[in-house]
Amino acid sequence: MKISLLSLIALACLSSLHAQGPLRPPEPRQKPTGTIARPQGLPPLQPIINTSSLLKVNVTFQSYNLQIPWQKETSSGRRGLGVVLPNNRVLVTAQMVADATYIELELPDSGQKITAKVQAVDYEANLAVLAPNSPAKEKAFFSALKGMEVDTSARIGDALSVWQTGRVGELIVTPMRISKVMTQGYVVENAAFLVYEATGIIRSEANSFTLPIIKNGKLAALLLRYDSKNQVATLLPAPIIDHFLKDVADGKYEGFPSLGVEFQITLDEQFREYLGLKGDAPGVFINNVMKGGSADKAGVKKGDIMISINGSSIDSRGDYQDPQFGALSVSHIVRGRSFVGDDVEIRVIREGKEIVLKSQLTRKNVEDYLVLPYLFDKGPKYVLSGGLLFQELTRSYLNSFGNEQQGGPILRLQRIANTPDEFEKEGRKKIVFLSAILPTSSTQGYERMNGQVVEEVNGKKITEIADVATALKEPKDGLHIVKLREFPFILHLDALKVEKDNLQLLNGMFRVSELTRLE
Amino acid sequence: MKTRLILPAFALLCGVPFFTHAAEEQPSANQAIDLTTGEWESVVNIDCSVLVPDYREPWNAGQPSGGSGTGFLIGKNRFLTNAHVVSNATKLVIRTTNDPQPHPARIVFVAHDCDLAIIEAEDGTHFEKLKPLTFGGIPKLNTELIAVGYPIGGDRISVTRGVVSRIDFRPFSHTQVDSHLAIQVDAAINPGNSGGPVLQNGKVVGVAFQGFNGRVAQNVGYIIPVPVIQRFLKDVSDGTYDHYVDIAITDFPIENSAQKKALKVGDDGVGVMVADVEPAGSVGNILKRGDVLLSMDGNPVLNNGLIRFEGELMDMNEVVERKFAGDKLKLAYQRDGKKEEVDVELKRFDPYVKLGSQYNQRPRFLVYAGLVFQPMDRDLMDAHQIHDAAANYLFDNYLTDKLYVERPEPVILTSVLTDEVNTHLAIYAHSVVDEINGMKIKSLKDVKEALAKKDKNESFVVVKLLEKGRPLVLKRDLAEAAHPRIMQTYNITEDAYLGDE
């Protein structure tokens, strides 16, 4: 699956204006009046609608080329809205600022601009806080703006409104109604979070990225995705925003904790009987426990039946009864309702006996994954030597091939990413592989290869990319020996030729700026 | 295989034969063929009715279909044709140019790995007076030849003319996994030409067998050359076809100066690196990765893996190709700079067969309480359009990661015929079966044995799948009660077909 950062720009739903859904009752207090011209002397604005909390955010971004890692891709722009927070901070989605090279805030009506930087960002929760760059201009810029509060009270059935700004800063309000609450991944694949699903029409406007969704003048959600065909919006909800802002506020950002288990539902009666689950007894079957995760630290084991977390019973679908949202995936208790370091109590059935396991919640750092689940704001790590291009495997690299991954090396690497355990057992911290071989004199005969996992270089076991850089310093008898996990299993290079080729790579037609990137 | 070859047969049904005669000698470019002599009577049309096996409903007979190709007389009531012309045949009929009578025929030998077959007429008397065609050698590049047969475009015998364009080792599209010597010609080779003789100076220099789709390349046809045909004829001379033998190594060219130095290879251009050795192959216990192969039967192997053989540079495998099961091959190789010599006995290397198309086989399967188990092979993967990650990995890397060692015949849960007993398991279709009742599944036969086995908890049947989070469990009594019901509902007449004993 390719992470489409631009998916929200395509809000081409002009025709949908005519297709008013019959299911959407009018909102009682906030009239869906459409466009309201603000600074004119016409009928006074509704005081409820607080437009002084919205900013335009303009971002220029440039990502690294994942396959030619010393190069960057063409730069491009994103235009979205930001929600003004107290203390002159601005909330946007993380997607908005991923790989940003330049960020500016713009007042919707006057068009006045100020540059900004990312103060905190969480790509899993897809949220970022921006701070203005210049303290001197900050005060004047924010003088007419007012921080918006976050309202976490929304429930299924609640009416909300989407706020957009028009060309000259006029507020455009359209209604939405929450139809469903569930958990799913936001923009990266490794974590599921709470989302609201809402139905309603969203117009296509400039700055349509990350629109705020409002309840009673307070921030209830940010727009995550919009399916214009079905008029279904997926919203990043206030409970997650609130969690993020609280975490940021204490100065040390720790992120959202995770339990670190994979479980299987237990609806199948024969399976239940096999597991010893009686009648409609609660519980799910734990089939995998992530090393170093919260559950692992608490002592949860593969094969346990997990029956409750923090006193909330887990049903056979893996849901608990949330007081606000009803049946909801148990992952939300940990990720949405707790913080890193909080106590957790997990009840499991093991060999027929119920046991209570306790620990503190942790979060698996992105850097601790064998295969990085995502990579933003920095370039992929690599070592280029002689013409052999060594890289650390990331999901982003695999995703860069789109749907072409029919077989061969990419399928094989994909499988490693999906089954990291056996490779971690071999002592690998990362998967280092040959991503390409540039045609040089030292790679004569090796040109058409790629995708082999590197086992050893000059007799040293490779556990991460830095090992390659170190090992290449010590050729034996004037030769570099690279051992691979796949055909042709071994490559030899002439150490002197490699040195010569490296100089040519730096100055030659490939325009390689640096031979390595280890950080 | 990078190129996609079309199967040239199965496209045309021939009409009523007509009376024609052939010239004594193959005519030159401007000489008309005289069809009155009866000589061409020995090039026959083969009409074939087939049943295409149904790997989705393996208990069914299959889909009736048919096609037509060419064959030619090579001895007393012996007709040579392509294996793909007669594959999966239920009925064969030979028709000739001069005789209105259809002659029922049957397969004598079929060799799918080199796409050749011999058939005979059930009553051979009609063909007794005919003169069999005789074989020539490997024709030279740019020399003229003609292809004779019954291709698409009409009912009567057809002749096309061209030259030898190239002689090379090529993949054979019939199985998709075998490669042999093939001759490329620019004479038109079209569907229906398959199995027909290609002649030079009145002698057979090849059997027309495959070509490219017209959108890929033009005027590229392939013929099976005489060495491959003669190898087949010699193999079957003892009454059975024993298949090709294989050295089962993968070579890697030595072009790099550092590689030469490390492997201690001289500047004489001799020696190719042994990059991989199949443990189950002929030299599994002899050669190792990183050895340098120097010669085969005293014939030096060059740095790029080619060998000079009968005056031409050819893939070194051609030396092995000409040999038979049990034959010896003399290898010289170098390990750590030291030269060694060894005689190896050649044998067949089976695992790769699963990766190609197979024919004349009834699909094997086993049904238990609606769970359908089938052995993994190409036909199965294609028929079921399997996209399960573990199954695809296993199929893709069956050879390259030596997965056949642990699992000679991987078994896939191809479908779940739903019933209340197994309705929760339907989502697990297309998974690879790892264990049943604690027993590792290495072949379809293991499934039968394992299902009868009782694990720790004997009231359950426990099926473990590869890379799935949970085992599939069925209560044995419920499963056994449901089994006959499911068999009846889904119209399955037998539990299993595990192959011929």
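Modeller: Let us begin with sequence separation in this predicted model. Among contacts in chain A between residues at least 6 apart in sequence, those joining residues at least 24 apart make up 63%.

Biologist: How many helices and strands does the secondary structure of chain A comprise?

Modeller: Chain A has 11 helices and 29 strands. Of its 519 residues, 42% count as buried.

Biologist: How should I read a sheet, and which strands stand at the edges?

Modeller: The general idea is that strands of a sheet pair through backbone hydrogen bonds, in either a parallel or an antiparallel manner. In chain A, one open sheet consists of four strands in the order β24-β23-β22-β29, with antiparallel pairing. Because β24 (432-437) and β29 (516-517) of chain A each have a single partner strand, they stand at the edges, and one side of each is left without a neighbour in the sheet. The pairing of β23 (residues 388-392) of chain A with β24(A) is antiparallel and runs over five bridges. Within β24(A), Phe433(A) is the bridge partner of Gln391(A).

Biologist: Which residues have the most contacts inside the largest nonpolar core?

Modeller: They are Val90(A), Val97(A), Ile213(A), Leu235(A), Phe390(A) and Val468(A), in a core of 158 residues. Strand β12 (residues 218-227) of chain A contributes the most to this core, namely seven residues. Another core, of 55 residues, lies apart from the largest one; among its members are Leu92(B), Ala187(B), Val198(B) and Phe232(B).

Biologist: Into which domains is chain B divided?

Modeller: The assignment gives domain 1 (5-236), domain 2 (249-310 + 323-345) and domain 3 (364-497) of chain B. Taken over C-alpha atoms, the centres of domain 2 and domain 3 of chain B are separated by 42 Å.

Biologist: How is an interface described, and how many residues of chain B are in contact with chain A?

Modeller: In general, the size of an interface is often given as the accessible area lost when the parts come together. Here the description is by residues: 29 residues of chain B are in contact with 30 of chain A. On the chain B side, the elements giving two or more residues are β14 (249-252), α3 (257-263), β15 (272-277), α6 (389-396) and β28 (472-475). The largest share, five residues, is that of α3(B).

Definitions and conventions
Residues numbered from 1 in each chain as written. Chains lettered and ligands numbered in written order. Predicted model: local features only at pLDDT ≥ 70, side-chain atom pairs only at ≥ 80, totals over all residues. Contact = placed C-beta atoms within 7 Å. Core = buried A, V, L, I, M, F, W, Y, C linked by C-beta atoms within 7 Å. Buried ≥ 20, exposed ≤ 12 C-beta atoms within 10 Å, placed from the backbone. Domains from an automatic or database assignment. Pairing = 2+ DSSP bridges.
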